[in-house]
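Thanks, everyone. I'll go through one structure today, starting with its aromatic rings and then moving out to the strands and the chain as a whole.

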Amino acid sequence: RRNDWAGRKRVRGGAWILDSPANNAMAHFLHNLFYLAGERVDRSLEPVAVEAELYRAYPIENCDTTVLRAVTGEGVELLFYASHAVKTAVGPIFDLEFSEASVSFEGPATHIVVTDRKGEHVTYGSPESDHQFLKLFDAVRMVRGEGNLVCGPEAARSQTLCINGMQESVPEIVDFPEEVVRKEAVPEVVDKSGEVIRSEPVAEENERRWVDRLVETLLGCYAAWKLPSEAGIPWAGKGPRIDLKDYRGFSG
């Protein structure tokens with residue numbers, strides 16, 4: 001209820017918003033896959049096909065759990081797993097496989113590590129080591145004509161194209177079965193110490209929800225390079241593969 005677009009497919013005026021974990025809180029991580037595979041520092045590879053699985057545990061219009069596979073014109077396969085319906089936060093993590101080396105990042109408290117085919121390691125440090133507002137500072141420098149553009153619309157559009165394909169693949173969000181959804185009442189008002197200062201019946205939209213063993217399921221699929229439906233998960237179902245080669249706009 002904090003605004004009129006959170007968790008929505010479109011705003012009240014009718015414009016598409018497609019708000020989801022993959023297009024909001026974790027959008028950077030999805031875009032990062034396309035960006036790191038780009039041939040130039042100011043370009044990203046673009047998806048030519050997407051297949052997805054979209055689920056929800058919360059009573060919202062769009063999904064709270066996103067799993068997708070995107071394929072680029074160069075044949076690069078990208079797999080992405082994101083959810084707000086988990087009890088314990090994990091990540092972000094990534095593993096990138098290249099012809100001569102692999103790159104891994106095991107989470108915020110770790111470093112990016114490159115391992116070549118000989119088994120030798122190079123550490124690139126933590127992405128958290130830069131200033132929190134580095135991208136804002138870079139934008140200000142660009143406005144002043146003092147910097148080089150590294151991620152303009154040409155590089156950023158891959159993420160939006162992927163999101164459109166994802167939603168086209170699963171136009172109707174799949175609800176998690178009730179028997180695997182856990183619910184916890186979240187107090188509407190607490191003080192600075194966390195003590196409840198107003199106790200009222202908790203509305204459905206104020207419940208915290210998570211899916212039983214979803215963390216283990218998604219991590220297992222991640223390790224196997226599979227979508228949940230491909231791993232035989234009982235509640236899982238995959239949408240059709242969407243061709244994005246001549247894609248012109250989201251139809252809904």
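Start with a charge and a ring: the charged end of Arg 10 sits over the ring of Trp 16, 3.9 Å from its centre. A charge counts as sitting over a ring if NZ of Lys or CZ of Arg is within 6 Å of the ring centre and within 35 degrees of the ring normal.

Before going on, the ground rules. This is a predicted model, where local features need pLDDT of at least 70 and side-chain atom pairs count only at pLDDT 80 or more, while totals for chains, interfaces and linings use all residues. Residues are numbered from 1 along each chain as its sequence is written, and side-chain values use heavy atoms, with hydrogens and water left out.

Now the rings. How many aromatic pairs does the structure hold? There are 6 aromatic pairs. Rings of Phe, Tyr and Trp (its six-membered ring) pair if their centres lie within 6.5 Å; planes under 30 degrees apart are stacked, over 60 edge-to-face, and the rest tilted.

Take Tyr 55 and Trp 235. Their ring centres are 5.1 Å apart and the planes meet at 85°, so this pair is edge-to-face. Tyr 55 is in strand β1 (residues 47–56) and Trp 235 is in the loop between α4 (214–224) and β13 (242–243), so the pair ties together parts 180 residues apart in sequence. Helices (H or I, at least four residues) and strands (E, at least two) are DSSP runs, numbered from the N terminus. Are these two residues buried or exposed? Tyr 55 is buried, at a relative accessible area of 1%, and Trp 235 is buried too, at 17%. Buried means under 20% relative accessible area, exposed over 50%, and partly exposed in between, with a 1.4 Å probe and protein chains only. Tyr 55 and Trp 235 also form one aromatic cluster with Phe 176.

A second pair is Phe 94 with Phe 105, which is tilted: 5.5 Å centre to centre, with 35° between the planes. Phe 94 belongs to strand β4 (residues 94–97) and Phe 105 to strand β5 (residues 101–105), 11 residues apart. Phe 94 is buried at 16%, and Phe 105 is buried at 3%.

β4 and β5 pair in the antiparallel sense over 4 bridges, and a hairpin of 3 residues joins them. Strands pair if DSSP finds at least two bridges between them. Within this pairing, Leu 96 stands opposite Val 103 in β5. On to β6 (residues 113–116): β5 is joined to it by 4 bridges, again antiparallel, and the bridge partner of Ala 101 there is Asp 116. β5 is mostly covered, with 4 of its 5 residues buried.

One more residue, Ala 85. It is in the loop between β3 (77–83) and β4, and is buried at 0%.

Finally, the whole chain. It has 4 helices and 13 strands. Of its 252 residues, 36% count as buried. The C-alpha trace spans about 55 × 45 × 45 Å along its principal axes. Among contacts with a separation of 6 or more, 59% are between residues 24 or more positions apart.

Technical notes. Contact = heavy atoms within 4.5 Å.
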